[in-house]
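Hi,

Here is the structure I promised to pass on. Have a look at it first, and then read my notes below.

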Amino acid sequence: MLTLANTYPIINQETALHYLGTFNNIGANSRARYGGMLKGFLNHMGITFDTKFKRPKLLPQRVLHEDVKKLKEAIKNKQTHKQSAFRDLVLIETAIKTGMRRGELANLLVSHIAFEANRIVVMDGKGSKDRTIPMGENLKNLLLKLCAGKKGNEKVFGFKAVSLGMKIKEWGNKAGVPIKAHSLRHYFATNLMERGANIKQVQELLGHESLATTQIYLSLMADH
């Protein structure tokens with residue numbers, strides 16, 4: 001495994017920058033994250049490293065309605081694990097109608113769904129904050145069917161966060177569409193704005209701490 005210590009016996013700012021140069025094949029966000037981690041480590045060791053790393057401001061991916069339709073069709077038509085197709089379709093439906101993050105979907109328990117109140121409670125979301133998301137009748141009925149016979153402390157979808165993300169990416173690849181778990185969150189947000197939702201309401205539903213984070217979706221709405 002390539003590490004800074006065994007590659008450069010003398011560790012200073014120059015060798016650290018040279019080491020980072022070996023990661024030029026990865027994305028700009030990842031390079032900035034690696035740089036920040038390396039800077040923190042060197043500062044902790046008392047080694048000066050005053051280079052600044054700024055993450056690029058990238059627009060969220062625009063997901064088309066046709067792409068989501070293809071994704072669902074790929075799940076319906078999969079050749080293996082057909083018995084899990086209903087659960088997987090409900091997972092996609094929950095993602096596009098709630099905007100929940102990958103980890104929030106993975107950690108969703110049956111007891112977090114208030115069926116009588118038509119609400120889903122996201123417990124301990126990003127920033128250790130809870131929030132409530134309204135649930136439409138169609139999604140409610142799908143979740144009722146999926147959760148039938150399950151205990152309140154059971155996970156709704158039965159995935160860990162990493163596995164859930166890998167599955168959605170795998171389904172997207174099979175469908176030939178560039179969809180990942182976070183893409184479905186973007187889809188939820190842009191759909192709301194296309195229908196005239198107030199940006200402050202979208203912020204609350206997504207669980208964004210800053211309104212500026214939500215406003216980036218306005219860049220995708222030039223034709224609305």
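**Helices around α8**

Helix α4 (residues 65-76) packs against α8 at an angle of about 100°, and their axes are 8 Å apart. Axes here are lines fitted to C-alpha atoms, for helices over the stretch in contact, with angles running from 0 to 180 degrees between N-to-C directions. So α4 is roughly perpendicular to α8, a label for angles of 65 to 115 degrees (under 35 is roughly parallel, over 145 roughly antiparallel, and the rest oblique). Helices are DSSP runs of H or I with at least four residues, strands are runs of E with at least two, and both are numbered from the N terminus.

Before going on: this is a predicted model, where local features need pLDDT of at least 70 and side-chain atom pairs count only at pLDDT 80 or more, while totals for chains, interfaces and linings use all residues. Residues are numbered from 1 along each chain as its sequence is written, and side-chain values use heavy atoms, with hydrogens and water left out.

Which residues of α4 meet α8? They are Lys-70, Leu-71, Ala-74 and Ile-75, and on the α8 side they meet Ile-168, Trp-171, Gly-172 and Ala-175 (contact means heavy atoms within 4.5 Å). Nonpolar covers Ala, Val, Leu, Ile, Met, Phe, Trp, Tyr, Cys and Pro; charged covers Asp, Glu, Lys and Arg; the others, Gly among them, are polar.

Helix α5 (residues 85-98) also meets α8 (residues 161-175): their axes come within 12 Å and cross at roughly 95°. That makes α5 roughly perpendicular to α8. Asp-88, Leu-91 and Ile-92 in α5 touch Leu-164, Ile-168 and Trp-171 in α8. Five nonpolar residues and one charged residue make up this contact, with no polar ones.

**The sheet**

There's an open sheet of three strands, in the order β1-β2-β3, with antiparallel pairing (two strands pair if DSSP finds at least two bridges between them). β1 (113-114) and β3 (131-134) are at the edges with a single partner strand each, so one side of each has no neighbour in the sheet. β1 pairs with β2 (residues 119-122) over two bridges, and Ile-113 has Ile-120 in β2 as its bridge partner.

**One more thing to find**

Look around Met-100, Glu-104, Asn-107, Leu-108, His-112, Val-121, Val-122 and Met-123, which line the largest cavity. Five of its lining residues are nonpolar, two polar and one charged.

Cheers

Methods:
1 Å grid on protein atoms, 1.4 Å probe; cavity = no way out; pocket = protein on both sides within 12 Å on 5 of 7 lines; lining within 4 Å.
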